[in-house]
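This report goes through strand pairing, a helix contact and a few single residues. The sequence and the structure come first.

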Amino acid sequence: MSYKSYLEYLKQGHKINITENFTLFEIANSATAIARKIENTPNKLQTDNAVNLIKGILQPVRTFFGKAVIVECMIRNTELNKAVGGVSTSQHAKGEAADFYIKGIKLEIIVEYIRKNLLFDQLILERVGNAAWIHVSLCKIKSKNRKMVLKYDGKKYVKY
Ligand SMILES: [Zn+2]
C-alpha cells in the first residue's frame with residue numbers, strides 16, 4: 001500500500017457504514033498520518049477489532065449523548081505508531097483502542113457513562129497540556145477485558 005492508496009481508502013471509507021453513525025473512515029483516519037504522509041491502511045485484524053470497538057462502545061456512546069463522537073485516532077500501523085512515539089504493544093496497533101471526545105460534553109461524564117454501562121478493557125482520561133481526550137479499548141475475547149479506569153497526565157497513569 002502507498003500513501004496515495006491510503007488517501008483513497010479514507011475517501012471510499014466515508015461511504016461504507018459500520019453502524020448508524022460510523023464509517024470505515026473513522027477507523028483509518030489520522031491527522032498525523034496525513035501530515036507526515038504515512039500510509040495507515042488497516043489490515044483485516046485491525047479492522048475487525050475496530051469494528052468491535054465501534055459496535056461495543058463508540059456507537060452506544062454516540063446514541064446515548066446524541067452528539068458526534070470525534071475520533072482522533074483508532075488504528076496506528078507500525079510506522080505511524082513510531083512517529084507518535086507510541087509503544088509497539090499499544091492497543092491502537094491492534095485496532096482495539098480509540099481516542100475521542102464529544103464537543104460540549106465533559107469527559108468525566110462520558111467516563112462515568114462507559115464505566116457504568118459498557119464492557120471495556122481500559123478507559124483512560126488523558127490530559128496532556130491543554131489537550132484532553134478519552135482513550136478506550138475493547139478486546140474481542142470478552143474475558144480479556146480488565147475494566148481498568150485510569151487517568152494519564154502525559155507522564156504517568158494513576159487510578160481514576
Ligand atoms: Zn489512545
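## Strand pairing

Val71 has Phe100 of E2 as its bridge partner. This belongs to the antiparallel pairing of E1 with strand E2 (residues 97-101), which has 3 bridges. Two strands count as paired if DSSP finds at least two bridges between them. Helices (H or I, at least four residues) and strands (E, at least two) are DSSP runs, numbered from the N terminus. The model is a predicted one, in which local features need pLDDT of at least 70 and side-chain atom pairs count only at pLDDT 80 or more, while totals for chains, interfaces and linings use all residues. Residue numbers start from 1 along each chain as its sequence is written.

E2 also runs antiparallel to E4, and 4 bridges join the two. Here Ala98 has Val136 in E4 as its bridge partner. Strand E5 (residues 148-152) pairs with E6 in the antiparallel sense over 3 bridges, and Lys151 stands opposite Val158 in E6.

## The sheet as a whole

The open sheet is formed by 6 strands in the order E1-E2-E4-E3-E5-E6, with mixed pairing. Its edge strands are E1 (70-73) and E6 (157-159), each of which pairs on one side only. On average, neighbouring strands of the sheet are turned by 30° against each other, direction ignored.

Tyr152 is placed in strand E5. With 15 other C-beta atoms within 10 Å, Tyr152 is partly exposed. The classes are buried for 20 or more other C-beta atoms within 10 Å of the residue's own, exposed for 12 or fewer, and partly exposed in between, with C-beta atoms placed from the backbone.

Apart from neighbours within four places in sequence, Tyr152 is in contact with Ile124, Glu126 and Tyr157; contact requires C-beta atoms, placed from the backbone, within 7 Å. Tyr152 and Ile134 are 18 residues apart in sequence, and their C-alpha atoms are 9.9 Å apart.

## Contact of H4 and H7

The axes of helix H4 (residues 44-65) and helix H7 (residues 107-117) come within 11 Å and cross at roughly 120°. H4 is therefore oblique to H7. Axes are lines fitted to C-alpha atoms, for helices over the stretch in contact, and angles run from 0 to 180 degrees between N-to-C directions. Angles under 35 degrees count as roughly parallel, over 145 as roughly antiparallel, 65 to 115 as roughly perpendicular, and the rest as oblique.

H4 contributes Ile57, Val61 and Phe64 to the contact, and H7 contributes Ile110, Tyr113 and Ile114.

## Positive phi at two lysines

Most residues other than glycine have a negative phi. Lys37, which is not a glycine, has a positive phi of about 55°. Lys37 lies in the loop between helix H3 (31-35) and H4, and counts as exposed because it has 11 C-beta neighbours inside 10 Å.

Lys147 also has a positive phi, near 50°. Lys147 is found in the loop between strand E4 (131-137) and E5. With 11 other C-beta atoms within 10 Å, Lys147 is exposed.

## Lys11 in H1

Lys11 lies in helix H1 (residues 3-13) and counts as exposed, with 10 C-beta neighbours inside 10 Å. Lys11 and Phe25 are 14 residues apart in sequence and 7.3 Å apart in space, C-alpha to C-alpha.

Terms used. Two residues are in contact if their C-beta atoms, placed from the backbone, lie within 7 Å.
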